[in-house]
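Colleague: I have the model open on my screen. Could you walk me through it?

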Amino acid sequence: MSALSFCWVGKTKAAYAVEGVADYVGRIKRYRDCRVVTVPEERHDGRYSKPHRLEREGRGVLSHIRQLEPAWVAALDAGGKPMTSRQFAELIRRQCFEDTRSVVFVVGGPDGLFSTVREQADRMVSLSQMTVPHDMARLLLAEQVYRAMTIIHGHPYDR
């Protein structure tokens with residue numbers, strides 16, 4: 001059975017998000033091996049330009065993905081495809097239960113995602129057309145993956 005991982009840039013800082021992500025990852029583990037990988041965020045101290053920071057962060061993300069190859073990658077992006085929870089569950093069902101590749105959900109840092117990560121992603125996903133803080137996006141993503149698992153398994157959480 002393939003693994004599922006969340007790979008994001010920078011530490012989750014808000015206590016509510018740290019606690020919530022840990023809770024949902026624990027719940028997801030009832031259905032699938034799941035882990036969180038944090039790629040260091042590059043400092044915004046003026047030493048490096050935005051493109052250089054994105055590239056350095058992107059190399060960390062790509063390194064994680066390479067360790068799981070073959071992997072199916074979904075990157076969160078405001079320009080990605082918006083989905084309902086049921087559509088998202090169908091996507092998860094196909095990738096987690098019909099495909100043998102590991103599943104990786106990528107969330108970029110404050111500057112976004114390195115272009116190569118975007119190009120190599122199998123799917124660009126939008127959680128909302130609204131802008132949300134990174135910590136909130138991580139929590140929402142973890143909750144939606146858990147919700148998808150309960151939909152797939154017919155559990156009443158989704159009611």
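Colleague: Start with the pocket: which classes of residue line the largest one?

Modeller: The lining of the largest pocket has 11 nonpolar, 8 polar and 2 charged residues. Here Ala, Val, Leu, Ile, Met, Phe, Trp, Tyr, Cys and Pro count as nonpolar, Asp, Glu, Lys and Arg as charged, and the others, Gly among them, as polar.

Colleague: What kind of model is this, and what are the ground rules?

Modeller: This is a predicted model, in which local features need pLDDT of at least 70 and side-chain atom pairs count only at pLDDT 80 or more, while totals for chains, interfaces and linings use all residues. Residues are numbered from 1 along each chain as its sequence is written, and side-chain values use heavy atoms, with hydrogens and water left out.

Colleague: Which elements supply the lining?

Modeller: β3 (71–82), β5 (123–126) and α5 (134–152) each give at least two residues. The largest share, 3 residues, is from β3. Helices (H or I, at least four residues) and strands (E, at least two) are DSSP runs, numbered from the N terminus.

Colleague: New topic. What is the strand order in the sheet?

Modeller: The order is β2-β1-β4-β3-β5, an open sheet of 5 strands with parallel pairing. β2 and β5 are at the edges with a single partner strand each, so one side of each has no neighbour in the sheet. Two strands pair if DSSP finds at least two bridges between them.

Colleague: Is β1 buried or exposed?

Modeller: In β1 (residues 4–9), 6 of the 6 residues are buried, so the strand is largely enclosed by the rest of the structure. Buried means under 20% relative accessible area with a 1.4 Å probe, protein chains only. Leu 4, Phe 6 and Trp 8 are on one side, with Ser 5, Cys 7 and Val 9 on the other.

Colleague: What about β1 and β4?

Modeller: Those two run parallel and are joined by 5 bridges. Phe 6 stands opposite Phe 105, and the bridge partner of Trp 8 in β4 is Val 107.

Colleague: How many residues of β4 are buried?

Modeller: 6 of the 6, so β4 is largely enclosed by the rest of the structure. Ser 102, Val 104 and Val 106 point one way, and Val 103, Phe 105 and Val 107 the other way.

Colleague: Last one: where is the cis peptide bond?

Modeller: The bond runs from Glu 69 to Pro 70, with omega near 0°. Pro 70 lies in the loop between α2 (50–67) and β3.

Technical notes: Buried < 20%, exposed > 50% of the residue type's maximum accessible area, 1.4 Å probe, protein only.
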